[in-house]
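The sequence and structure come first.

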Amino acid sequence: MSAETHSAAHWDDVYAHGDTTRSWFQDQPHSSLRLFDAAGVSPHDGVIDVGGGASTLVDALLARRFTDITVLDISAAGMRYAQQRLGPDAQRVQWLATDVLSWRPLRTYQVWHDRAVFHFVTASRAQQQYLQTLHAATTPHAVAVFGCFAPDGPEQCSGLPVARYNAEGLASKLGQGWTLITHDRQEHTTPGGVVQPFTWAAFQRQT
Ligand SMILES: C[S@@+](CC[C@H](N)C(=O)[O-])C[C@H]1O[C@@H](n2cnc3c(N)ncnc32)[C@H](O)[C@@H]1O
């Protein structure tokens, strides 16, 4: 992975073409909410949506009366769509414009959510950095929910190569400190009508 392909400028350029036309756009974050429910996530939990961008997950969590929501993304332009959509409610959310791979968290969260971000982290050193940050940013017994391209999913997205996972592959990446709670498969349909298989998995941190 080069610094350039994961630069803020790359992602700002991608978002310059809009948010609802991006291949990953979804009206409702059904899979995320299903896994949150299966993992027993509650509105009292502090949640961070890593690489949340313009995602509608934040809208759904506010509607469910979550009070401690953080969205982190390398692209301020991506998050701006969500902020504008939410209007005054955007002030009820913490927004962090930073690279998750160099981020040093100042607090911990009970819930880590990543839809279609970890799969861009393909180099083993960067994966280690990501996993160290996941550990530093979460509480003991935290829940981590991942949505990644499935083994039969696309080989790249937004001009970048991706790693593809089944639930066992994700579990093996996270290591023994995380227990797989539940997983399923989603066939996401892009705004252009292309079907993209995703693996969804929820994990609980052991200690
Ligand atoms: C495929 S999009 C998914 C967006 C969002 N999770 C969703 O489901 O709508 C990938 C997102 O990850 C962000 N991203 C990519 N690399 C990142 C990094 N190193 N740190 C933080 N965000 C990153 C991009 O800006 C983009 O918003």
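Cys157 is buried, at a relative accessible area of 8% (buried means under 20% relative accessible area, exposed over 50%, partly exposed in between, with a 1.4 Å probe and protein chains only). The model is predicted: local features need pLDDT of at least 70, side-chain atom pairs count only at pLDDT 80 or more, and totals for chains, interfaces and linings use all residues. Residues are numbered from 1 along each chain as its sequence is written, and side-chain values use heavy atoms, with hydrogens and water left out.

Cys157 sits in strand β6 (residues 156-157); helices (H or I, at least four residues) and strands (E, at least two) are DSSP runs numbered from the N terminus. Apart from neighbours within four places in sequence, Cys157 is in contact with Ser23, Trp24, Phe120, Phe149 and Val162, where contact means heavy atoms within 4.5 Å.

## Nonpolar cores

A nonpolar core is a set of buried Ala, Val, Leu, Ile, Met, Phe, Trp, Tyr and Cys residues joined through side-chain atoms within 4.5 Å. The largest has 36 residues, and Phe36, Val41, Val58, Leu61, Ile69 and Val145 have the most contacts inside it. Elements that each supply at least two residues of this core include α1 (8-15), α2 (30-38), β2 (69-73) and β9 (195-205). Helix α3 gives the most, with five residues. A second, separate core of 26 residues includes Leu72, Leu101, Phe118 and Ala137.

In α2 the buried residues are Ser31, Ser32, Leu33, Leu35 and Phe36. They pack against β1 (47-50), α3, β4 (109-115), β5, β8 (178-189) and β9. Just after α2, Gly40 takes a positive phi of about 75 degrees.

## Aromatic pairs

There are 11 aromatic pairs in the structure. Rings of Phe, Tyr and Trp (its six-membered ring) pair if their centres lie within 6.5 Å; planes under 30 degrees apart count as stacked, over 60 as edge-to-face and the rest as tilted. The rings of Tyr15 and Tyr81 are tilted, because their planes stand at 45 degrees, with centres 6.2 Å apart. Tyr15 belongs to helix α1 and Tyr81 to helix α4, so this pair ties together parts 66 residues apart in sequence. Tyr15 is buried at 4% relative accessibility, whereas Tyr81 is partly exposed at 23%.

Phe149 and Phe198 form an edge-to-face pair, with ring centres 5.0 Å apart and planes at 65 degrees. Phe149 lies in strand β5 and Phe198 in strand β9. Phe149 is buried at 1%, and Phe198 is buried at 1%.
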